[in-house]
Amino acid sequence: MDAGTTGEARKPLLRALSGEAVWPPPMWLMRQAGRYLPEYREVRKQAGDFIALCTTPDLAAEVTIQPIRRYGMDGAILFSDILMVPWALGQGLRFAEGEGPVLDPLRDATAVASLELDKVRERAAPIFETVRLTRAALAAHAPKVALIGFAGSPWTVAAYMVEGHGSKDFRTARGMAYADPTLFGRLIRTLVDATTDYLLAQIEAGAEAVMLFDSWAGMLPPGQFRRWVIEPSAAIVRNVKRVHPSIPVIGFPRLAGPLIGEYAQRTGVNTVAMDTAMDPRLAASLVPANVGLQGNLDPLSLVAGGIALETEARQILAAMRGRPFVFNLGHGIEKETPPEHVAQLVRLVRSGG
Ligand code: 1CP
């Protein structure tokens, strides 16, 4: 189901992601399904734990659609997590209540060799079923809404796999990349292959665009950034485009600073997602004009609402007018966000600012 060859290429989000300056810009929000919504908390309770929610297709499809039902966004993003790839590779994973993800840390050659690339499609099958169910539901009830699939980028996913949990500096993973680049490179290559396969399966199930989340890209100096962020991301984009040339790919090299320009030129992504700290006018000057931009409202301004929210959102809209652009946050929505502030933001973006 290649969006470029059907009438659905008219969906505003897909037009913008393919390089058209659509105005008012299409919008969706990172983590738009989540704990700030009472209807999400209800389903989450029903599912029990987080992995059960991600692997129960009718519940995962339901939470994917909740923000569409409530706000009518232009994009629905598959409800899953970047750590479901390590899980599908056979690494032990749990989401501890109030603590975030915990993985059995992967620190040596034996652990890297034990990853089961050939099991990814089978273990992740419920996630692809979620994509199928969500796409069918959108076709029936929200035909202008595009479905976005996603994965973490190899660097960010490897950082969690090696560290074993979230961290403010991921020093074990960054240390391993210097001390044993051969072993770290083997882990990254495994993730390039697993992620390619995982994204292709999402596209085959009905995802119309895909996003690569590189939340921890900004921790690396330029040489390491090129080796562990740009090169593996470029390999995934090449692999995906070889099979599905017209599927738009969004890359999110969070906190990359000025390296956002080189990332945009060398990875082959169609759209670059800007983080909260990025100046949209600087991004517009560094990123080639045929590459779209997405972002980058501060999620805390959405918690605050009112004038602060309006001022921040209008500045972004003014800077992006005339470019292929998708309005979004600069990072995931905060769980304290009042749902009515999201409605206020949707009204503002729909008016073009
Ligand atoms: O109990 C809960 O409800 C768990 C909270 C939660 C949610 C709602 C987690 C645990 N993951 C998710 C969903 C999720 N994660 C989506 C769903 C689609 C959406 O609505 O956007 C997506 C795209 C992600 C991506 C993700 N997971 C990233 C990349 C984006 C980012 O925020 O930087 C990262 C780094 C993760 C790891 C992760 N998963 C969950 C948590 C709390 C974390 C962060 C852990 C940490 O570093 O401390």
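This is a predicted model: local features need pLDDT of at least 70, side-chain atom pairs count only at pLDDT 80 or more; totals for chains, interfaces and linings use all residues.

Mentor: Residues are numbered from 1 along each chain as its sequence is written, and side-chain values use heavy atoms, with hydrogens and water left out.

Trainee: What makes strand 5 and strand 6 a pair?
Mentor: Two strands pair if DSSP finds at least two bridges between them. Strand 5 (residues 209-214) and strand 6 (residues 249-253) have five bridges, in the parallel sense, so by that rule they pair. One of the bridges joins Met-211 to Ile-250 in strand 6. Strands here are DSSP runs of E with at least two residues, helices are runs of H or I with at least four, and both are numbered from the N terminus.

Trainee: What joins strand 4 to strand 5?
Mentor: Five bridges join strand 4 (residues 146-152) to strand 5, and the two run parallel. Phe-150 has Met-211 as its bridge partner in strand 5.

Trainee: Why is one side of strand 1 and of strand 9 left without a neighbour in the sheet?
Mentor: The open sheet has seven strands in the order 1-4-5-6-7-8-9, with parallel pairing. Strand 1 (75-77) and strand 9 (325-329) stand at its edges with a single partner strand each, so one side of each has no neighbour in the sheet.

Trainee: How do you know that strand 5 is largely enclosed by the rest of the structure?
Mentor: Buried means under 20% relative accessible area (exposed is over 50%, partly exposed in between, with a 1.4 Å probe and protein chains only). Six of the six residues of strand 5 are buried, so the strand is largely enclosed. Ala-209, Met-211 and Phe-213 lie on one side, and Val-210, Leu-212 and Asp-214 on the other.

Trainee: Why is Ala-47 called buried?
Mentor: Its relative accessible area is 16%, and the limit is under 20%, so the word applies. Ala-47 sits in helix 2 (residues 38-47). Leaving aside neighbours within four places in sequence, Ala-47 is in contact (heavy atoms within 4.5 Å) with Ala-52, Leu-53 and Leu-59.

Trainee: Why are helix 9 and helix 11 called oblique to each other?
Mentor: Helix 9 (residues 154-163) and helix 11 (residues 181-205) pack at about 120°, with axes 10 Å apart. Axes are lines fitted to C-alpha atoms, for helices over the stretch in contact, and angles run from 0 to 180 degrees between N-to-C directions. Under 35 degrees is roughly parallel, over 145 roughly antiparallel, 65 to 115 roughly perpendicular, and the rest oblique. The angle of about 120° falls in the rest, and helix 9 and helix 11 are therefore oblique.

Trainee: How many residues of the contact of helix 9 with helix 11 are nonpolar?
Mentor: The contact divides into 11 nonpolar, no polar and no charged residues. Among them are Trp-155 of helix 9 and Phe-184 of helix 11. Nonpolar covers Ala, Val, Leu, Ile, Met, Phe, Trp, Tyr, Cys and Pro; Asp, Glu, Lys and Arg are charged, and the others, Gly among them, polar.
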